[in-house]
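Thank you all for coming; I would like to walk you slowly through one structure this morning, beginning with a single pair of residues and widening the view from there. Please have it open as I talk.

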Amino acid sequence: MNWDIVQPNLEKRGFATRRFATAADARAALIEEIGENKKIGLGGSMSVVSLDIEGELKEKGCIFYNHSACAPENIRQELINAQFADYYLASSSAVSQDGVLYNIDGRGNRVTAMLWGSSKLILVIGKNKIVPKGEDGFERIRREACPPNCRRLNRNTGCALTGKCTDCAPSAGRICNAFVTIEHPAGRSTELWLVDEDMGY
Amino acid sequence: MEKVLQYKAALEKRGFKVRVFESAAQVKETLLVEIPEGATVGVGGSMTIEELGVEAILRAKGHEVYWHWKSSPAERAEVTAKAFLADYYLMSANAIYCDGSLWNIDGNGNRVGTMIGGMGKLIVVAGKNKLTEEDPVARIKRDACPKNAVRLGLKTPCALTGKCTDCASPDRMCKLTVELKNPPTARNMEVWLVNEDMGY
């Protein structure tokens, strides 16, 4: 699966895109884009984690807001700070060949920032997120992303144990509550950084 | 009331907290009691909430009400941010599917974004006209979008003909679709079902 077919479809839908041959190229561009002394919101994206930008950007005076890395009593403020930061970085769990973005979220802070906000949203998306023809975007996510994410988060969900979605109860630690389809960019600054390598889940 | 109670059960099975009302008048009364003195209130663009007529009363009681419909376009970013942070957020749902999920289609994203991630207590007020056994997106695009497009003075095909053509119009408002299968983790929210038609 290749961004060559998908990228023009994303642009036809009004998304601004940039293309990178490698994750390393995207990393370098991100460091340059963000610069110094910026506030950056993170939403638990493994693609963004794999870019490993925190150390270098912190040295340049940047502050990262990540509710899964702060003390429990500070979560609410951390979520607010992330939502209203200068940049919000995430990926997209699936992208269909005709250029639609699919994402599922549990707490919802990540999709909230994708749907609305005044920050500059940059989604760094590896080619592994492109959905095979004939498959629904959410199918891709349930098959490829939910099981490893549930295991990573230590949830007792059906998919963590068996790899298959069992539409489990919230009490099992369910992470699939909000199912979000983005067909056109909402009225907020969004850039899709398309990478010709596999990244994240 | 039977249909409303069926949907209450379906929503509760999916973890939503639900209250049921016979009329919009009862909702209005309850809402004005529920919202404590001094609480700030955000509103997501909603004809249901508009028809409810609580806004003027809340303002008269000294509440700050953040509703971007009632502010200038230049203030939209600030007002929607305040609504996101407000103590209460009021909206409806474009459709509630018979499996107990909430469906919304949005253009700007502030309504669905705040529905999911807002910091206050969310109250979703939905009339029985929102309850559907048919495909919820089809319901929304047939019964809500054309009326909203006309209301907003948009030049979309659905405003002119009443039918969705999945258009490429610059005025297109169907950009974002959200299905809420369960309450977002840790979200303080309630769904108030009303045995009357309300909004679109």
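This is a predicted model: local features need pLDDT of at least 70, side-chain atom pairs count only at pLDDT 80 or more; totals for chains, interfaces and linings use all residues.

A:F179 has B:E179 as its bridge partner, and B:E179 belongs to β9(B).

Residues are numbered from 1 along each chain as its sequence is written, and chains are lettered from A and ligands numbered from 1 in the order in which they are written.

Now, which strands make up the sheet that holds this pairing? It is an open sheet of seven strands with mixed pairing, in the order β5(A)-β6(A)-β8(A)-β9(B)-β6(B)-β5(B)-β8(B). At its edges stand β5 (94–95) of chain A and β8 (131–132) of chain B, each with a single partner strand, so one side of each is left without a neighbour in the sheet. For β5(A) that partner is strand β6 (residues 101–105) of chain A, paired in the antiparallel sense over two bridges, and here A:V95 has A:L101 as its bridge partner.

Let us turn to the contact between the chains, where two residues are in contact if their C-beta atoms, placed from the backbone, lie within 7 Å. Chain A gives 26 residues and chain B gives 23 residues, and on the side of chain A the largest share, five residues, comes from β8(A).

Finally, is B:K155 buried or exposed? B:K155 is exposed, with 11 other C-beta atoms within 10 Å, where the cut-off for exposed is 12 or fewer, for buried 20 or more, and partly exposed lies in between, with C-beta atoms placed from the backbone. B:K155 is found in the loop between α8 (145–151) and α9 (157–161) of chain B, and, leaving aside residues up to four places away in sequence, B:K155 touches B:S169 and B:D171.

Note on methods
Helices (H or I, at least four residues) and strands (E, at least two) are DSSP runs, numbered from the N terminus. Two strands pair if DSSP finds at least two bridges between them.
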